[in-house]
Amino acid sequence: MTVDKGHSNTAFVEDEQVTSKKSAPVKTISGNNYVLEIQEKKPGFEADYNPYEHRHVEHPTTSNETLIHLLKGSLGTGILAMPNAFHHAGWLVGSVGTLLIGILCTYCIHLLIKAEYELCRRKRVPSLNYPAVTQTALLEGPNALKPLSNIIIHIINVFLLVYQLGTCCVYVVFVASNIKAIADYYTETPTDVRLFMLIILLPLILINWVRNLKFLAPFSTLANFITLVSFGIILYYIFREPVTFEGKEAVGKITEFPLFFGTVLFALEAIGVILPLENEMKKPKQFGGNFGVLNKAMVLIVTLYIGMGFFGYLNYGADAKGSITLNLPEHEILAQCVKGMLAFAIYITHGLACYVAIDITWNDYAKKRFGESPRSVFYEYIVRTVLVLITFLLAVAIPNLELFISLFGALCLSALGIAFPALIQTCTYWHERHGWDKTWMIIKNVIIGIIAIVGLVVGTTTSLKEIVQTFFEEE
């Protein structure tokens, strides 16, 4: 078996076993760039196929390496926004809420991983990416949902695209805000943050012109080291003075809870890297399970997020800003170094954050219009530049870090991280489970879906309302 992954968002599977032994008929399902060679299901025939044994990865990762990658994917600008999130929810509701959201997100990721394995086993393919899992699940589910199997790929791509571009917007605002915080201390007149966005724009475009991901890897390694050192310094500032509950709310305003929900989702979820990480493991069975890589990573991540949010809020209270770095003393050189280091670390990883958005836009859509002509590379650079400009213009329009984080967390991750995994599990086992098992699965996943939809609608609406108010206030 050979698997040509092409790029991160394309699943093209060739399986010589499809036409072997029993010469079962083959059905080709095409949608966008996805081509899945799928064997017609025959009772008992799929039981002898183990997807894990047919994955041929050139450089497989160990369990510890996967754990580190998962931690890196979840520890970024989101954790720095947790004190502000706790300000919206209160220290008690924030702590309990973060724990419950963390448990829900982890459970939904388990649903996705188990469904992918089951679908791969049935269809005799080694691995599937997120859009392909969703499409295949719908084809296995109720007849009423099967017509949606082709369009679902585009829906998933839109959510992934919006989320990745939203992350890049957060990066632009984060970098510019921290540079401004340093510069304003040394200048008599504060400078508009948009000027710093303009200054960093050209190098940002050039970073995103790097077409090969391996050339960005050294920047990621350097950024991880800088981030680790910076977090240590931030913790020093948090615990430098005794924290106090005085003046801190245990329960925040209910109208601001959606902002907390969106921020925590944005911070916790790394749904876009889950399946790629599991697919690249040397021993993928160790990813799930009670003591698997996923649970270990999420326990560490949730603990760190609760700790940062709880103690950061107790330290800075209602003054907690969209990034805790902006609360550090302006006059201290060490604090200025942290702001500068984190701004640099986030800046040089912008290309990695934008890579998925470029990948989806170019390889899944734009490339088909230009084919393999000599000018296609030129058009690819145009697409890359346009995507960077979109994130830049959005950041310039509303340079508000916490609102961007909450908006894209509620809008995209409610769907990608909670709703779709529940839908995928329901469709995958629709014809396999019966009686109470099926009823319980449907009830449970409907409840999860309702939570996701309410979070998406209320969280997005609240964030957009705050963004509009901010826009008109500035006008």
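## Helices, a pocket and selected residues

At 3% relative accessibility, Arg-124 counts as buried, where buried means under 20% relative accessible area, exposed over 50% and partly exposed in between, with a 1.4 Å probe and protein chains only. The model is a predicted one, in which local features need pLDDT of at least 70 and side-chain atom pairs count only at pLDDT 80 or more, whereas totals for chains, interfaces and linings use all residues. Residues are numbered from 1 along each chain as its sequence is written, and side-chain values use heavy atoms, with hydrogens and water left out.

Arg-124 sits in the loop between helix H4 (91–123) and helix H5 (130–140), helices being DSSP runs of H or I with at least four residues, numbered from the N terminus. Although Arg-124 is not a glycine, its phi is positive, at about 60°.

Lys-253 and His-88 are 165 residues apart in sequence, yet their C-alpha atoms are 6.8 Å apart in space.

The accessibility of several residues is set out below.

| Residue | Relative accessible area | Class |
|---|---|---|
| Lys-253 | 57% | exposed |
| Cys-337 | 37% | partly exposed |
| Lys-180 | 21% | partly exposed |
| Asn-363 | 17% | buried |
| Cys-412 | 0% | buried |

With a disulfide taken as a pair of cysteine sulfur atoms within 2.5 Å, the count for the model comes to 0.

Asn-363 belongs to helix H13 (residues 350–370), and its side chain makes a polar contact with the side chain of Asp-359 at 2.6 Å. A polar contact here is a pair of N or O atoms within 3.5 Å; within protein, one must be able to donate a hydrogen and the other to accept it, and residues adjacent in sequence count only if both atoms are side-chain atoms. An α-helix has 3.6 residues a turn, so residues three or four places apart point the same way.

Helix H15 (residues 401–428) has 28 residues and spans 38 Å from its first C-alpha to its last, close to the 40 Å expected, that expectation being 1.5 Å times one less than the number of residues. Of the 28 residues in H15, 24 are buried, and the helix is mostly covered.

The second largest pocket holds about 390 Å³ of space. Its lining comprises 15 residues, of which Ser-177, Lys-180, Lys-321, Leu-326 and Pro-399 lie nearest its centre. Helix H6 (151–186) and H15 are the elements that give two or more residues to this lining, and H6 gives the most, with 5 residues. On a 1 Å grid over the protein atoms alone, a pocket is an open set of points where a 1.4 Å probe fits, with protein on both sides within 12 Å along at least five of seven lines, and lining residues have an atom within 4 Å of a point.

Lys-180 lies in H6, and its C-alpha is separated by 6.1 Å from that of Val-193, 13 residues apart along the chain.

Key
Grid points are joined across faces, edges and corners, and a volume is the space filled by probe spheres set on the points.
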